[in-house]
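Trainee: I would like to go through the labels used for this model. Please set each one against its cut-off.

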Amino acid sequence: AIKKPIMDTKIRKIFVLLYPLNDFSKRMYEYIQGKLAELAPAYAVVETGGVGYLLHISLQTYSEIEGRSEVKLFTHFVVREDAQLFFGFSTKTERELFRQLISVSGVGGNTARMILSTYSPRELQSIITTENAVLLKNVKGLGLKTAQKIIVELSGKLTALFDGDAGPLPVAGNGDAVYDEATAALVMLGFPKAASDKVVRAILKEQPDISVEETVRMSLKRL
């Protein structure tokens, strides 16, 4: 086996200590603007300069950009040992919420995205302000202890984020298209196909004119 140079390893450790990789890389890309080549409730592909960028998104962002041909998504770039991931957001407010969430120990990117897909920014602000950990722990993969930790660490930090920020735009949808997109989104988020199918069908039966975003949001609260 070929040994790696000791000096290279030491230099790398010093560099990472001085310039944490994720802290640097998250600011490396401010936004991506271009043609919306593909869109699903859990991701978007934005084409610019002949390159298609896959960005993981929340339902909040999905509802904001659905139906557009050109988009501008604010980004958070994550570098891990096994992957490099882009998370995309329709507003800087949502991105800052995401960053606040992942600053809490035990909350990763996918969990933060699940939280933002289950609750709107305003709802999340209300949950944290009222210290409603029981409601927050309803998010898939989030236990009571982590929910309590989020509330303690983010208490008082979110008020200034919402000045002038608009809420999500309603999106019309119907029938099979809503069922297909909502079910696909839940499966991509890690829920079993059978359970997703059952919940989505029940919601569409109750509210036939509901949008894809609201269908998924309600499903996340029932699964």
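**Salt bridges and a helix face**

Mentor: Arginine 201 and aspartate 197 lie 4 residues apart in helix α10 (residues 193–206), so about one helical turn separates them. Helices here are DSSP runs of H or I, at least four residues, numbered from the N terminus. This is a predicted model: local features need pLDDT of at least 70, side-chain atom pairs count only at pLDDT 80 or more, and totals for chains, interfaces and linings use all residues. Residues are numbered from 1 along each chain as its sequence is written, and side-chain values use heavy atoms, with hydrogens and water left out.

Trainee: Why is the contact of arginine 201 with aspartate 197 called a salt bridge?

Mentor: The rule asks for a side-chain nitrogen of Lys or Arg within 4 Å of a carboxyl oxygen of Asp or Glu. The closest N and O atoms of arginine 201 and aspartate 197 are 3.0 Å apart, so the pair qualifies.

Trainee: How do you know that the buried residues of α8 line one face?

Mentor: They are Thr146, Ala147, Ile150, Ile151 and Leu154. Seen down the axis of α8, they fall within an arc of 140 degrees, so they line one face. That arc is taken from the directions from the helix axis to the C-beta atoms. On the other side of α8, Lys145 and Val152 are exposed.

Methods. Buried means under 20% relative accessible area, exposed over 50%, partly exposed in between (1.4 Å probe, protein chains only). Helices (H or I, at least four residues) and strands (E, at least two) are DSSP runs, numbered from the N terminus.
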